[in-house]
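Dear colleague,

Please find the sequence and structure below. My notes on it follow.

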Amino acid sequence: MIRPLDLELTQAALASSTLSHGLKFFGDRWTVQVMLSAFLGIRRFDELRSFSNIPRPTLSDRLRALVQVGVLKPRLYQDKPPRKEYHLTRKGLGLYDATLMVWAWEKKWGQRAQDLPKKLYHQTCQHHFNPELCCKACGEKISMKDLDFSLVPNLRLRDPAAKGLGTPRMSVRAASDMSLGLRVDRWCLLILSAVFLGCHYFDQITHVLGIGPKVLSSRLSDMTESQLLSCETDIHDARRRLYKLTPSSRDLFGYIVCLSNWASESHFLEPSSIRPRHRACQHRFAPLVACDHCHQNLNPWEVSFPTSKG
Ligand SMILES: [Zn+2]
Ligand SMILES: [Zn+2]
């Protein structure tokens, strides 16, 4: 639905969104990689390191941050030699929907599909399945175009430091080694969110995200090159370029909405400033990731897959 673009409102909503704050710790590729591995049942430091090819100090750093956020919990086993495993907590298990959306996206568009389960099996209905994004209220399958958005900036999330919201301190290091390896990092997802919300021009995106022109320019060309955005000359003004979503970036919507919802309900305990509504059922949209065979929600303990190494 066409909504007049209000740049100030969009800027305030993005800055106070649970997505933007959530991405401060789930926006770098190494963190996403560790979480994906945790859901594959990889729990020990050396296994995580060899599976994900993460440099040792980076892995230590990410594990510490994930324990601090409360999504992983270390357990010590008194074997010989003693071993330590990292287990998902209840809060961490809440990221399963977002993880399934990453798997589905990687399988379709990514370059690392070989590391991820090729097939998922739903033990409850005894069928192989693809995860699909549905509306929790009515159960219908959803894509971005089925939703309307209202923007309600949340002042309590405007400045998390002031409220002691506990954003972990990993921003400086994380920012320096973020790259588009997975092509799903914080800036990339925020730029896509700005485009989702109707900002199609360079000056609009730089305004709503407060991102410097040099950084934005290099990001936009990376994203255009990897086909996360299309870029065309504006028919009304040949000097301007128009950035649009592509089929692959539209498919990232599932991950974005699941992560944002998790950050809102399980971490910040604050409503998101970007509020989707399902046009067909008129309910506030909350995501539910379901089995495309039986349409039931998916729990990690009911899903099995062939091990990926082999
Ligand atoms: Zn609905
Ligand atoms: Zn099923």
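**Findings**

An open sheet of 3 strands is ordered β4-β3-β11, with antiparallel pairing (two strands pair if DSSP finds at least two bridges between them; strands are DSSP runs of E with at least two residues, helices runs of H or I with at least four, both numbered from the N terminus). Because β4 (127-129) and β11 (303-304) are at the edges with a single partner strand each, one side of each has no neighbour in the sheet. Strand β3 (residues 120-122) is joined to β11 by 2 bridges, and H122 stands opposite V303 in β11.

The model is predicted: local features need pLDDT of at least 70, side-chain atom pairs count only at pLDDT 80 or more, and totals for chains, interfaces and linings use all residues. Residues are numbered from 1 along each chain as its sequence is written, while chains are lettered from A and ligands numbered from 1 in the order in which they are written.

In helix α11 (residues 202-209), I205, V208 and L209 are buried (20 or more other C-beta atoms within 10 Å of the residue's own, with C-beta atoms placed from the backbone). These residues lie on the same side of α11, because they cover an arc of only 90° around the axis, taken from the directions from the helix axis to the C-beta atoms. They pack against α1 (7-15), α10 (186-196) and α12 (213-225). G210, which follows α11, has a positive phi near 60°.

Elsewhere, strands β6 (residues 147-151) and β9 pair in the antiparallel sense over 5 bridges, with D148 opposite R277 in β9.

Technical notes:
A residue is buried if 20 or more other C-beta atoms lie within 10 Å of its own, exposed if 12 or fewer, and partly exposed in between; C-beta atoms are placed from the backbone. Two residues are in contact if their C-beta atoms, placed from the backbone, lie within 7 Å.
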